[in-house]
Protein chains: 2
Amino acid sequence: MRKSWSGSRVDLHIDLDASQGRRSALESALRDAIRQGRLAAGTLLPSTRGLATELGLSRGTVTAAYDQLAEEGYLTSRPGSGTTVADIPPETEASPSASPIPAGPRHDLRPGLPDVSAFPARAWLAATRRVVAGSRSVMLGAGDPQGRIELRTAVADYLGRTRGVVTTPDRIVITSGYYQGLSLLSDVLVRSGARTVAVEDPSHNVFRAVVQRTGLAVRPMPVDADGARVDALTHEVDAVLLTPSHQYPTGVPLHPSRRQAVSAWARTTGGLVIEDDYDGEYRYDRQPVGALQGIAPDRTVYCGTASKTLGPALRLAWMALPPELVKPVVAAKQLADLYTESLSQLVLADLITSHAYDRHVRASRLRYRRRRELLLARAAGVPGLTVRGVPAGLHTLVTLSADWPAEDEVRSFCARHGLALRGLSELHIDAHGRPAGLLIGFAAPPEHAYRPALDALFDTLLTARSFRGA
Amino acid sequence: MRKSWSGSRVDLHIDLDASQGRRSALESALRDAIRQGRLAAGTLLPSTRGLATELGLSRGTVTAAYDQLAEEGYLTSRPGSGTTVADIPPETEASPSASPIPAGPRHDLRPGLPDVSAFPARAWLAATRRVVAGSRSVMLGAGDPQGRIELRTAVADYLGRTRGVVTTPDRIVITSGYYQGLSLLSDVLVRSGARTVAVEDPSHNVFRAVVQRTGLAVRPMPVDADGARVDALTHEVDAVLLTPSHQYPTGVPLHPSRRQAVSAWARTTGGLVIEDDYDGEYRYDRQPVGALQGIAPDRTVYCGTASKTLGPALRLAWMALPPELVKPVVAAKQLADLYTESLSQLVLADLITSHAYDRHVRASRLRYRRRRELLLARAAGVPGLTVRGVPAGLHTLVTLSADWPAEDEVRSFCARHGLALRGLSELHIDAHGRPAGLLIGFAAPPEHAYRPALDALFDTLLTARSFRGA
């Protein structure tokens, strides 16, 4: 059916694509010709009868195609004066096609990422099957800005059972990742008159930025071997952002006396504690320290996430809130994006309720524990490297003695050798006089790629060290 | 293993829960006793040796439990002075348990909702299986703020093929629903200096509110039988929000001459067209009118969604943007929530690429077409009801003649009879002098529930009408 015509009044060749229907092929051909500027604005088209004869189409097909393009604004039909091409700007240069997915680093030792190759695919699929087989009107109808009640119930139970969190489903809010949760919470704090949030120094720069973007000032609390120096908490501080179980990035837990001091500060001043329990599932030498929230549930927002257990791309996180914050936080969530996608909320609820989630976390914990031990054994052979923090989480901080090259140089040397890791200095608010260090994530690579990654890391570090003073 | 003790120095009974390990049972019991105020702040606990003897536990178990609770901040241990209960506020009254999921309306005739009971569960599961079997590091690692390239590629192809949209994958941005997309776009417009957005009157009140919340002023364009009166577009208008294929809520398409006028306005003034193609998949009497974006691709943001085809709870929508808007919109998306959940993006990309999505849309179109015809046949039997708009979409507007009771009364009478539908007046910016009307969605009920819903609707309407002048 490949045809072409040279209109009696316009000199134009049109190929009719045989893979489409006749009418649709004619429409596409005319549309393309107008867009590409081959049919200029104002051009009078052949009569429907004339064009039908020329192309061997029925007149009805041509009329329908003209009508369609007139409806869409490509053509203008005036009774008595025929059909002309409307004034459409010609197509701009085709933009370069989308760039291919950038290849990841050869060795992914970034902190905070779990081994997603160990994603419990079978359990996830089985749970998806159960969810999809359930009531679809429940599953796919308009959602709940607070989060699906099924997931809130499962999470409240899970947090009580595994992290000593004191909460109920009506105090849980589900967000599209911790990042969104912290952002909503900061908005609510600002609107309630808060001005100052105390943050750990060092801490995650991205989350400090989230807090600051809402207009809140951050007050740094230096971190020592007992965690954040919470004596910085005064009446002027409205909220404190803490990683009490495993300080990010130094890896130390908050000392019991400081936990009590934070709780006392919150009670006395009405200040709010934001507990970022980003990797509280992973402690390797003992039972994890329970959540700080447990000793001040009415003044603490406990924040947890599935990003470190299943993968960040699921965008599933939760907050256990003091009662009076639930309503404003849910309102902020609704304003931001109405509600979080429901299907994976229901799947995660099923995984938690069926204990498949616990099994996955336990299995991961055993794997990561071995990985950390391997890392420490290798680090012990490198002079001037000191491993910091307790056996926990998905990363280890190693500080570099003064005789190492500068942290930036070590990092960019690693990057050039295909190693992705983080530096300590970018996490400091005030890096002056602080030790240089590297954050080495030991969870991200698939199991088979971990030892090669360690080999590459320590070969590269030993080479980098040999440059000192060079 | 259910045991209790009455401490030598404190009078306290503790039940050890036999379903847990000994140490964990002791910890839970002590934690609960402290939270419930049964062990008051400052209370000196028995020595580990004494308590171990009393409970028949090993001393190590008791020591470990005390240490754990001290770490968590419940207990204070000072060498030489024993272990005391820390100053924890007692548990507050348990909040009422979460309310059960509210039952939906008996007959769901809300506009804009598809029949989610027809969700293509088998195709979705098969696609999920394929995605999960693929590279998990790709699937679950950190995502792309612009949206997964797989989905952007599939959507760009789909929109070109079915809606005449002129775009490429690098101009598509995936958002968590159209609501979020419009919100991000409004932010970007405000930051680029825009002040005024023209909106249709009537139009969706929620989306007007999204635009206004960013500080933009809205300028109403009255809607007549040819769609929005676009002569309201002047140099002072920075952007226009339009539903050209099927005006919401009146159901008329934008007249071809007005499409061209909008395109000319955009070209002349540099104004931006935001095309909300919320239900462009559904036209029942002819081929759908192609997207307005096709005649002004460099000045139009085309917005589409999976909410009307698969279900709103998936929170998947897309925008095809003019090139210069891609970067700021992606930046706004990243600031809002980093990126949209990846798994369902990949599943939807698979459904579109395998044409399972097209098949689902075609099957839905046939079903909804029949439903609309049934609705029209029934409406013809009711005096003073006029069906408006073209055969398209998921709803029909019926206006009420002056001899009907007030719109509010009719609606609340319907609500009392378990019928959920919308009123026209709440969608007007200026409802003065405008006809009363009802928006009747015909897609939401499952197939078996549709006829009973129509029966209930028309019985109720006839009864309501009989109240006139009562």
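## Just after helix H10 of chain B

Let's start where a helix ends. Helix H10 of chain B is followed by B:Leu338, whose phi is positive, near 70°. Keep in mind as you look at this spot that the model is predicted.

The helix itself covers residues 323–337 of chain B, which makes 15 residues.

## One side of H10

Which residues of H10(B) are buried? They are B:Leu325, B:Val326, B:Val329, B:Val330, B:Ala332, B:Lys333 and B:Asp337. Because these residues cover an arc of only 165° around the axis, they sit on the same side of H10(B).

Now for some charged partners. Side chains of opposite charge can pair when their charged atoms come close. Over all chains, a search of the whole structure finds 56 salt bridges.

One of them joins the side chains of A:Arg219 and A:Glu236, with 3.1 Å from N to O. This pair links distant parts of the chain: A:Arg219 belongs to strand E6 (residues 217–224) of chain A, while A:Glu236 is in the loop between strand E7 (227–228) and strand E8 (239–242), 17 residues apart. A:Arg219 is partly exposed, at 24% relative accessible area, whereas A:Glu236 is exposed, at 56%.

In another salt bridge, the side chains of A:Glu447 and A:Arg367 meet at 3.6 Å, N to O. Here, too, distant parts of the chain are linked: A:Glu447 is in helix H14 (residues 447–466) of chain A and A:Arg367 in helix H12 (residues 356–379), 80 residues apart. Are these two partners buried or exposed? A:Glu447 is partly exposed, with a relative accessible area of 39%. A:Arg367 has a value of 16%, and it counts as buried because that is under the 20% cut-off.

B:Asp157 forms a salt bridge with B:Arg161, and their closest N and O atoms are 3.6 Å apart. Both residues are in helix H6 (residues 149–163) of chain B; because they are 4 residues apart there, about one helical turn separates them. B:Asp157 is partly exposed, with a relative accessible area of 45%, and B:Arg161 is also partly exposed, at 37%.

Back in chain A, salt bridges that share partners join A:Arg23, A:Glu27, A:Arg31 and A:Glu72 into one network.

How values were computed:
Residues numbered from 1 in each chain as written. Chains lettered and ligands numbered in written order. Heavy atoms only, no water. Salt bridge = Lys/Arg side-chain N within 4 Å of Asp/Glu carboxyl O. Helix = DSSP H or I, 4+ residues; strand = E, 2+ residues; numbered from the N terminus. Buried < 20%, exposed > 50% of the residue type's maximum accessible area, 1.4 Å probe, protein only. Expected span 1.5 Å × (residues − 1). Arc of directions from axis to C-beta.
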